[in-house]
Amino acid sequence: MADVEVFAQERGLTHLLPELKQGALVAQDPTCHNRLDIFSGEDKRILTEEVTHKWRQTPMLYYMVVMSSLAAAVQGMDEGVINGAQIIYPTQFGIGDPTSKRDSWLVGLINSAPYLCCSTISCWLTHPLNHYLGRKKTIFLTCMISFLTCIWSGLTNTWWHLFIARFFLGFGIGPKSATVPVYTAECSPAPIRGALVMMWQMWTAFGLALGDLIDLAFYFIPDTPGVTGLNWRLMLGSAGIPGLIVCVQVLFAPESPRWLISKGRYEDAFNELCRLRFSRVQAARDLYYIHVLLEAENEMKKGRNRVVEMFTIPRNRHAALASWVVMFGQQFCGVNVIAYYSSTIFVDSGFTQVSAMASSFGFGALNWLFAIPAIFTIDTFGRRNLLLFTFPCMAICLLITGFSFLSTSETGRVVGVSIGIYLYAIFYSPGEGPVPFTYSAEAFPLYIRDIGMSFATATLWFWNFVLSITWPSLILAFKPQGAFGWYAAWCCILWVLVLLFVRETKGKTLEELDQIFAVPLGAHAAYGMRQIPYGVKKFVLFQNPVPEQIYEFESESEVSNTGGEEKARREVKEDLGKANA
């Protein structure tokens, strides 16, 4: 208790000393409230329900969840509305010749403009924006940029003007994609933190589906005197409306307590935690948790070149490689070929423009619906196992889609393409959809996590740019069967890369993650190769081979069966030890 008194005096929190002492006791022993009389009956009930009713949270927390989900939908809509618009605007801008290499490159350049900005500039602005403005103001700024640039896109009259507008849209997409999941994690209690962070991908998929639906709704709007292409202009402009709603919502949302503590604003952080938690004891406990974690993080950062150490220290380098594989894989599995160009693909297969946009909405809806089970499967089956199962399935689906174009029957071609794309969405959504962001957020050690996530998101957006700019020319040169076969081959290559270089992180503490990523690269690759005969015996011959354990932990069974709250508490205790050391 002496340490708590010193902490309260140093941070100007002596008026909160009773709550801080109670919070410190709970931090050291999560069950002590059941034995000590200093806790009120209400505090005992609330602290017990943290475990027994983990989804019973404050209205303000769910307000924050709704805002974050809508921000994710903004992200999806920003990416999705171009899908329908691109079957209309190229003709108006004189770049709609399907046999012209120049036109195909220009259409790809316009579609990929935001991701060029994300990979080269805006993702690297995430850290300074969050450092100086905080989470709330960064979310407000990026959503406002999304709103303004979407309106700007709808007012353009040349292809190069539309390219410029969409390039600046990247300043809204890049930092927002890294900030909102972090903000959600920093405001959420430990037992439901992982599930809430997972919702970023789920509601981004919802935004993509909503963008496809908006494309279909606005397609029928006729031009008015003096306005040509009103339908595609409304498609692009409408994507900014949810961003404006988030700008209003964020004014009433709490600031991240972690960011406030990093600025020495402990009183403000406590007040925000009181808005997010039922009890002042909970708020005091979490305030102390965050303080200890930040102290440990700051101590680890002293006198170290974190960018260099991300690649020179084997543990960090292995995490960077694994994160690069999953982020690269999310693009080169071919998903955004379908997300951005499905309307064009369906038209080429024989659909009318209206039917093509309706079919694109079907893809977006499946992508969203099958992202929902991933909230549970990602912590049940593990990140690596989901990728190893879904990559071969996605390869088969892409081959079905591509080779359906060889059919001389229009009905057969349409049915084959639809089946291939829809099955692809079903396999993508629980695997390469949610895994990359979740994996990258937990793979890096605490002291380089912000730099590691900037590296991971920049990787994602760069290859997103490469994929979206090259697809029109790729399909022109290789034809649909060759283009889809190209990405099917990459799914097979990525299966091998995951097998060799991606380590399982499900349910592991910070200390265990250090041990996992400390395994030499060659040893882990050899372990991956040995898993091939194991998989054949288990899943093909239906035998019961003994699985090889390459990672050795103390009380491993206990670790794997521990819930999110206990895991978080163990990690804090580890960091307490590191800070004291």
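**Close-up views of a predicted model**

View 1. Of the 20 residues of α7, 14 are buried, so the helix is largely enclosed by the rest of the structure.

**View 2. The aromatic pair of Y115 and W461.** The whole structure contains 34 aromatic pairs. In one of them, the ring centres of Y115 and W461 are 5.5 Å apart and the ring planes stand at 5 degrees, so this pair counts as stacked. Because Y115 belongs to helix α7 and W461 to helix α24, the pair ties together parts that are 346 residues apart in sequence. Y115 and W461 are both buried.

**View 3. The aromatic pair of F163 and F167.** The rings of F163 and F167 also form an aromatic pair, with 6.2 Å from centre to centre and 40 degrees between the planes, and this pair is tilted. The two residues are 4 apart in helix α9, which means that about one helical turn separates F163 from F167. In an α-helix there are 3.6 residues a turn, so residues three or four places apart point the same way. Both F163 and F167 are buried.

**View 4. An aromatic cluster.** One aromatic cluster is formed by W324, F328, F332, F405, F462, W463, W471, F484, W486, Y487 and W490.

**View 5. The largest cavity.** The model has 3 cavities of 30 Å³ or more, and the largest cavity holds about 210 Å³ of space. The lining of the largest cavity consists of 19 residues, of which E79, Q201, T204, Q330 and Y428 are the closest to the centre. Two or more lining residues come from each of the helices α4 (59-80), α10 (190-218), α17 (314-332), α18 (335-349) and α24 (449-501). By class, the lining of the largest cavity is made up of 9 nonpolar residues, 9 polar residues and 1 charged residue.

**View 6. The second largest cavity.** The second largest cavity, with a volume of about 70 Å³, is lined by V65, S68, S69, V180, P181, T184, L196, M199 and W200. The elements α4, α9 (159-187) and α10 each give two or more residues to this lining. Among the lining residues of the second largest cavity, 6 are nonpolar and 3 are polar, while no charged residues are present.

Conventions
Residues numbered from 1 in each chain as written. Predicted model: local features only at pLDDT ≥ 70, side-chain atom pairs only at ≥ 80, totals over all residues. Heavy atoms only, no water. 1 Å grid on protein atoms, 1.4 Å probe; cavity = no way out; pocket = protein on both sides within 12 Å on 5 of 7 lines; lining within 4 Å. Points joined across faces, edges and corners; volume = space filled by probe spheres on them. Nonpolar A, V, L, I, M, F, W, Y, C, P; charged D, E, K, R; others polar. Buried < 20%, exposed > 50% of the residue type's maximum accessible area, 1.4 Å probe, protein only. Phe/Tyr/Trp six-rings, centres within 6.5 Å; stacked < 30°, edge-to-face > 60°.
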